[in-house]
Amino acid sequence: MSNKKLLHRTFNALIEEIRPDNLIAQQCRYENDVFSVHGRDYPLQTYKNIHLLGSGKAVVPMAKALQSIMGDRIAQTLIVGAYENDIELDNTRYIKSTHPLPSQQSIDAAKALRKQLEILQEDDFFIYLLSGGNSAMVELPEASISLEDFQKTTALMLKGGMPIEEINSVRKHLSQVKGGKLAECTQAKGLVLVLSDVLDDDLHAIGSAPLYFDTTTFNDAIVSLEKHALFDHLPEGVQTFLKEGAEAKHPETPKSENTNIHHIILGSNTIVLNKAKALMDKAGIPATLSKKPLEGDATELARELVTFARNYQGERHCFIFGGEATVTVRGEGSGGRNQHLALSVLLLLDGECDVTFLSAATDGVDGNSDAAGALVDMHSRVYALAHEIDPQHYLETYDSNTFFSKTGELLITGPTHNNLLDIVMMLIEPTPQKGENNG
């Protein structure tokens, strides 16, 4: 089997293993009206009703798994997702929202969730399913900020290369339901089951922390925007609101944890990487997890990874990285950070070392494309040029998806209803292998 096919099959197997319903089934138990997770028991006998709420890309399969475990003990379910829902769920209201930009559906979803939390009583208990994508899917801008201005601000940050943690610090201060504000709406006790889409599994950042507390300030948000030269390009109303917040004219986000609401992480990028390593070990290929996360500009990251591969002098080995690169988009093409990273690597592979390189998003959707990522090796550039497909042109026009569509090197899984950040697998071979144009 070629190295490209090996990595392709490994990625597909990995996506199956980290399915949200599998993660729920592996870690959650319900017996004798006690809900157990990660060694903690939540006796539910004293609560009148159990409510299931949630939002994010993984919410539908997570909800299905919880309903399967708890049955009719769940009185009702209200969840918000990004995709059409074709799964049968009992006593469930499903709101389809949007991602990566918020919309009127996002506002409708935020109002519905807030209303539901507000009507819960002290003898109610809720389980909230939180996963990546929540920041866009559930949104209610502060009263003085229009949806259009919020959308423009979000688009600027996404295209401006800001890390997700910094983007979320801004979102939390422009929102009525982020940075712990949603937790202030209820007197009920609850449990938040989390699939983490941020490095270090920082609960302050995941989904912009609707039910946790916030450690950032209005001033932090402004500093982040100015660092990326974006503040002056924001809509005037947003600039004014943030400046007024820094002057204490608007309330800060909650700065202490709501002790009635517990958070437990069920899935993370670390879990993804460990499962990938186990799959490579099973295939008989030694693998190492990098301690350095994927972060920063994708083009610079490509240089670092290829330099690492050139300097490696050991036996056949797979190095596995996790995180999320950033891309400052300057073109109108299609693609995403993973395809842009793979294309940048392709241009640097000059035959000095035999590298097979996979970069993909665990949610199956990379940027504005229908692909999860791409898979290249030392022969990819030669193949492209032989077929008059100029990689430099597609890199400069930020059109990596079109490039890999032509070369047949896209990774297409469809939406996985999950988001545990990205994975890079770099298989270095001491003996050059025969090439092929796809995996």
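Is C318 buried or exposed, and at what relative accessibility? C318 is buried, because its relative accessibility is 0%. The legends below describe close-up views of a predicted model.

View 1. C318 sits at 0% relative accessibility. C353 is also buried, with a relative accessible area of 13%. A disulfide is a covalent bond between the sulfur atoms of two cysteines. The cysteine sulfur closest to that of C318 belongs to C353, but the separation is 14 Å, so the two are too far apart for a bond. Seen from C353, the closest cysteine sulfur is that of C318, again at 14 Å and too far for a bond. With a cut-off of 2.5 Å between sulfur atoms, the disulfide count comes to 0.

**View 2. Strand β9 and its partner β8.** Strand β9 spans residues 261-267. Of its 7 residues, 5 are buried, so the rest of the structure largely encloses this strand. Strand β8, residues 189-195, pairs with β9 in the parallel sense. The pairing runs over 6 bridges. Within it, L193 stands opposite I264 of β9.

**View 3. The largest nonpolar core.** This core holds 53 residues. F35 and L193 touch the most other members. Helix α3, residues 59-70, gives the most to the core, with 7 residues.

**View 4. The contacts of F35.** Residues up to four places away in sequence are not counted here. F35 touches C28, R29 and Y30, and also R40, D41, Y42 and L44.

Note on methods:
Residues numbered from 1 in each chain as written. Predicted model: local features only at pLDDT ≥ 70, side-chain atom pairs only at ≥ 80, totals over all residues. Heavy atoms only, no water. Buried < 20%, exposed > 50% of the residue type's maximum accessible area, 1.4 Å probe, protein only. Helix = DSSP H or I, 4+ residues; strand = E, 2+ residues; numbered from the N terminus. Pairing = 2+ DSSP bridges. Core = buried A, V, L, I, M, F, W, Y, C linked by side-chain atoms within 4.5 Å. Contact = heavy atoms within 4.5 Å.
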